[in-house]
Amino acid sequence: MFVDIILLLSIAVALVALFQRIQLPPILAYLATGIIAGPYGFQLIVEQADIELFAELGVVFLMFSLGLEFSLPRLLSMRHLVLGLGGGQVMSVGLIFTMLGIFASLYWSQAFVVASAMLMSSTAIVIKQLAESKLLNTRMSKLSISVLLFQDIAVVPFLIMIPLLAQQSGDMMLIAEQMGWALVKGLFAVSLILSVGRWILPTVFKEIALTRSDELFVMSTLLVALIAGLITHWLGLSMALGAFLAGMMLGEGPYRHQLEADIRPFRDVLMGLFFITIGMLLNLPSLLADWPRLVIVLTVMMLTKIILVFVLAKSLGESSRNALSTGLVLAQMGEFGFVLLALAGKLELLPLSLISTLVGVGVVSMAMTPWLINCHQDIVRRLMFQSKVVPKSGLSPPLPGQYIDHVIVCGYGRSGQTIARFLKIEGIPYTVIDRDPVRVQEALNGGEKIEFGDASRREIQMMLGVDKAKSIIITFKDTEKAIELLKIVKPLTEAKVLVRTTDDSTMQKLQDAGATDVVPESLEGSLMMVSHVLAISGVPIKRILKRLQHERQGHYNHLHGFYFGGESNIPFEESEVLERLHAIRLELGAYAIGKTVTEVKLKEVSYRAVRRQGVELTHVHPDFMFEAGDVILLCGPSRYVKRAEHRLLGDWPG
């Protein structure tokens, strides 16, 4: 078993890397792995039972993730398209494919399963490709997402019905009775899980979040998904249904992004194993020998879906261009189709030869999807006999839950809250991420736009739309955490990153890590005090603003360095980094007398000024020669200032 897993992962890693280079989705790499290692390939894996167990857990976690994305407000905002276009697509395509299956001498239950699998489109591939092609904010994308959303919801009743069809095939009365009983058990499961999710789980996850333990949060997430799946399994329903309900009940809370980020690694690995097991069902020699049937089924499936989506979208008042583009985008078979086929194969509802053909159809249609999405405009132009692409892009407002041209505020302490208030006043779109569950809940209760999660996680930043953000504001007090976040977001976005820090001791480190601007609170507070002092002293406001702008552009040059006192409560570590001012008088016999700045060769410090016979000289050039009685004002970190003093006085000439 252990050797089998290592072997499969080794092949999968190599193929995923290869497929990424040729811009094909990873799902196809997993399917190819299954073909190579399966019984119809090189027969590298003999015992598939244990692998199928892990693969089933992958489906459970996939449905849990889907539940997290399922939002009632999102559904309601798109209800006309979801119910009209999405519902129409599922019913019309399902009915036609069922009739075609019966016409092809399948039992009606088998035809229903085949139709259920073929009407699905690939949410993962379509959304990913639309995002990479920068098409997520188009009307065509909104239509596509509406259909995908309804398909994802329709998976749940299909998962309930397929086992019933396998148990009672042929007896309509028994099937109707069992489906009614399954509906009762399903309603009980929904009520139980949603009640637990509404009244118990928020409190549980709040306490878990307060521990600040990543391990505990991850384990709790996995446990909730599996327990919910176990409850529905005990009731004779699908484990995937319970996981979906668990995800849905947690999807409305503040922990959604963190939950999805924590479960994603497990989901992706186990889903990889699931698609590998699907690939093992693909009888490649048989498909190649019977390639005409594969081509016919593929052509009929894609053309039927394109035509029906086009007709439905046109009937809802959409333009021919958007309707046809939507049909092209949704023409493939999806990952949930594989889920339904795998379930039907496990229950021996469909023959393996038919499953192999349908898997082959799904693989080929998925492989065509990136090309169809990238070239859909040219295809539409040719089919509609247009001489050139219509320049109007059909942009629409962002869909609920999507982020674009916004500000991401990382941390919701006093600084983060102040920034968010002014962003709200100015009508600038923003989202906030914070790790304190109490603060997040308080803010949510107050109607603020905030998410719970660890801002330093790459997955969460991607969910917040970091690649489409205008700017990112980091308000952490922890400099190391801010640097860690900078290293994550800089490769992902070209947005400006503004970092708040307590003082100027870490400005250079943050700038080196990629911060566009660093705002030290202590220096900004001093600038505000200066502006008030100048204002009440009669200095014109324009001159004050110009002075403030000059200081900020010069990285607070005049605010660096200060005199340490006996009561300066500065930790040793900070005192060794913060720039201090220190005055040194050159008495007779001092080493620097009669030497130039170049000859003295001081390192890591700067000359603020030299006071000579009561006159302050601020321009200390390299050829400036020191004289007895000069008072030199140095600026720099403590350890370098002390070393410079020894050098100037001659205590340490080296």
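Predicted model: local features only at pLDDT ≥ 70, side-chain atom pairs only at ≥ 80, totals over all residues.
Modeller: Residues are numbered from 1 along each chain as its sequence is written, and side-chain values use heavy atoms, with hydrogens and water left out.

Colleague: Why is Cys375 called partly exposed?

Modeller: Buried means under 20% relative accessible area, exposed over 50%, and partly exposed in between, with a 1.4 Å probe and protein chains only. Cys375 has 24% relative accessibility, so it counts as partly exposed.

Colleague: What makes Cys635 buried?

Modeller: Its relative accessible area is 3%, so Cys635 is buried. Of the 654 residues in the protein chain, 50% are buried.

Colleague: How many disulfides are there?

Modeller: A disulfide is a pair of cysteine sulfur atoms within 2.5 Å. By this rule the count is zero.

Colleague: What does the secondary structure of the protein chain come to?

Modeller: There are 28 helices and eleven strands. They are DSSP runs numbered from the N terminus: helices are H or I with at least four residues, strands E with at least two.

Colleague: Where does Gln43 lie, and why is it called exposed?

Modeller: Gln43 is in the loop between helix 2 (26–37) and helix 3 (49–69). Its relative accessible area is 54%, so Gln43 is exposed. Gln43 also has a positive phi of about 55 degrees, although it is not a glycine.

Colleague: What makes Lys601 exposed?

Modeller: Lys601 has a relative accessible area of 60%, and therefore it is exposed. This residue sits in the loop between helix 27 (597–600) and strand 9 (606–612). Phi of Lys601 is near 60 degrees, a positive value in a residue other than glycine.

Colleague: Which residues lie nearest the centre of the second largest pocket?

Modeller: A pocket, on a 1 Å grid over the protein atoms alone, is an open set of points where a 1.4 Å probe fits, with protein on both sides within 12 Å along at least five of seven lines; lining residues have an atom within 4 Å of a point. Of the 31 lining residues, Glu56, Val339, Ala342, Leu343 and Lys346 lie nearest the centre. Helix 3 gives the largest share of the lining, seven residues.

Colleague: How much space lies in the second largest pocket?

Modeller: About 840 Å³, where a volume is the space filled by probe spheres set on the points, and grid points are joined across faces, edges and corners.
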